[in-house]
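I opened this notebook to record what I looked up in one structure. The entries run from the whole chain to a single residue.

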Amino acid sequence: MSEKSIKSELETNSRTDWERLRNMTDDEIDYSDIPPLDDEFFANAEVWTPPGMDSITLVSVDRDVLEYFKGQGKGYQTAINAVLRKYVEAQKKPVTR
């Protein structure tokens with residue numbers, strides 16, 4: 001799966017103007033409705049995993065594979081999951097000849 005198809009898959013049903021967001025500078029982002037995250041917030045924070053998902057640690061991944069996904073930027077773990085999901089779905093399809 002190419003970089004373009006992974007990003008396309010994640011953005012397919014979105015109404016977000018991704019191009020406008022990609023071109024925004026940090027100074028143009030309005031953070032006024034987000035409270036500051038102080039020490040108290042992090043002291044009380046809980047790790048949350050969406051229903052139906054498990055948080056795991058992979059013991060071994062080829063360095064170049066990991067670097068490729070990390071190079072895609074934020075959300076690379078989600079992209080890895082999307083690729084694994086497509087693989088699993090492809091394995092479940094009956095083979096017709």
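The entries below follow the order in which I looked things up.

**Entry 1. Ground rules.** I note that this is a predicted model, in which local features need pLDDT of at least 70 and side-chain atom pairs count only at pLDDT 80 or more, while totals for chains, interfaces and linings use all residues. Residues are numbered from 1 along each chain as its sequence is written, and side-chain values use heavy atoms, with hydrogens and water left out.

**Entry 2. The whole protein.** I looked up the secondary structure and found 5 helices and 0 strands; helices (H or I, at least four residues) and strands (E, at least two) are DSSP runs, numbered from the N terminus. Along the sequence the pattern reads α-α-α-α-α. Of the 97 residues in the protein, 4% are buried (under 20% relative accessible area, with a 1.4 Å probe and protein chains only). The protein exposes about 9400 Å², and carbon and sulfur atoms supply 52% of that area, computed by the Shrake-Rupley method with a 1.4 Å probe.

**Entry 3. Helices α4 and α5.** I asked at what angle helix α4 and helix α5 pack. The angle between α4 (residues 63-70) and α5 (residues 76-92) is about 115°, and their axes lie 8 Å apart; axes are lines fitted to C-alpha atoms over the stretch in contact, and angles run from 0 to 180 degrees between N-to-C directions. From α4, the residues L66, F69 and K70 meet Y76, A79, I80 and V83 of α5, where contact means heavy atoms within 4.5 Å.

**Entry 4. Residue Y76.** I then followed Y76, which has its place in helix α5. Leaving aside neighbours within four places in sequence, Y76 is in contact with L66, F69 and K70. Y76 and L66 stand 10 residues apart in sequence, and their C-alpha atoms are 8.9 Å apart in space.

**Entry 5. The largest pocket.** Which residues lie nearest the centre of the largest pocket? I found D54, I56, Q77, I80 and N81 there, among the 20 residues of the lining. A pocket is an open set of points on a 1 Å grid over the protein atoms alone where a 1.4 Å probe fits, with protein on both sides within 12 Å along at least five of seven lines, and lining residues have an atom within 4 Å of a point. Helix α5 gives the most to this lining, with 7 residues.

Methods
Buried means under 20% relative accessible area, exposed over 50%, partly exposed in between (1.4 Å probe, protein chains only).
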